[in-house]
Amino acid sequence: QVQLVESGGGLVQAGGSLRLSCVVSGSISSINPMAWYRQAPGKQRELVASINRVGTTDYADSVKGRFIISRDNAKNTVYLQMNSLKPDDTAVYYCNVLVHNGARWSPLPSWGQGTQVTISS
């Protein structure tokens with residue numbers, strides 16, 4: 001059983017910054033890639049950023065140059081530093097562990113409660 005606890009969201013003005021944290025606990029290896037997703041009202045959940053065990057990162061085009069994903073394997077924690085925030089970044093942000101199903105990396109079926117990020121214009 002894996003537990004994911006996200007925190008750090010809030011209400012900020014456009015141009016501001018936030019740092020999200022996600023603590024992972026349970027029967028999962030710290031070598032698994034981790035990812036942040038977000039879901040805006042009325043939209044599907046989308047992948048925002050991912051990081052593998054050695055720190056190689058990947059980002060959605062919409063956040064490249066503004067967001068930075070990082071991880072602390074000793075603390076089983078993944079972070080998302082969000083800078084130059086825009087109203088379009090408003091969403092509930094979730095983290096998850098990525099597992100390989102033989103064909104590709106996919107998030108675990110269970111999700112945490114997420115953390116709300118709201119950007120005012």
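This is a predicted model: local features need pLDDT of at least 70, side-chain atom pairs count only at pLDDT 80 or more; totals for chains, interfaces and linings use all residues.
Me: What makes β7 and β8 a hairpin, and which residue in the turn has a positive phi?

Reply: β7 and β8 form a hairpin with 4 residues between them, and N76 in the turn has a positive phi of about 50 degrees. The two run antiparallel, joined by 6 bridges. Strands count as paired if DSSP finds at least two bridges between them, so with 6 bridges β7 and β8 qualify. Within this pair, R71 stands opposite V78 in β8.

Me: Which other strand pairs with β8, and in what sense?

Reply: That's β3 (residues 18-26), which pairs with β8 in the antiparallel sense over 6 bridges. L20 stands opposite L80 in β8. β8 is also mostly covered, with 5 of its 6 residues buried.

Me: Why is S106 called buried?

Reply: Buried means under 20% relative accessible area, exposed means over 50%, and partly exposed is in between (1.4 Å probe, protein chains only). S106 has 14% relative accessibility, so it counts as buried. You'll find S106 in strand β10 (residues 105-107); strands are DSSP runs of E, at least two residues long, and helices are runs of H or I, at least four, numbered from the N terminus. Leaving aside neighbours within four places in sequence, S106 is in contact (heavy atoms within 4.5 Å) with V97, L98, V99 and N101.

Me: How do you know that R38 and E46 form a salt bridge?

Reply: A salt bridge needs a side-chain nitrogen of Lys or Arg within 4 Å of a carboxyl oxygen of Asp or Glu. For R38 and E46, the N to O distance is 2.7 Å, so the pair passes. R38 is buried at 5% relative accessible area, whereas E46 is partly exposed at 34%.

Me: Which parts does the salt bridge between R66 and D89 tie together?

Reply: R66 and D89 have their closest N and O atoms 2.7 Å apart. R66 lies in the loop between β6 (57-59) and β7 (67-72) and D89 in the loop between β8 and β9, so the pair ties together parts 23 residues apart in sequence. Salt bridges that share partners join R38, E46, R66 and D89 into one network. A search of the whole structure finds 4 salt bridges.

Me: Why is the chain called as compact as a globular protein of its length?

Reply: The chain has 0 helices and 11 strands. Its radius of gyration is 14 Å, close to the 14 Å that the globule rule gives for 121 residues, so it is as compact as a globular protein of that length. The radius is taken over C-alpha atoms, and the rule is 2.2 Å times the number of residues to the power 0.38.

Technical notes
Residues are numbered from 1 along each chain as its sequence is written. Side-chain values use heavy atoms; hydrogens and water are left out.
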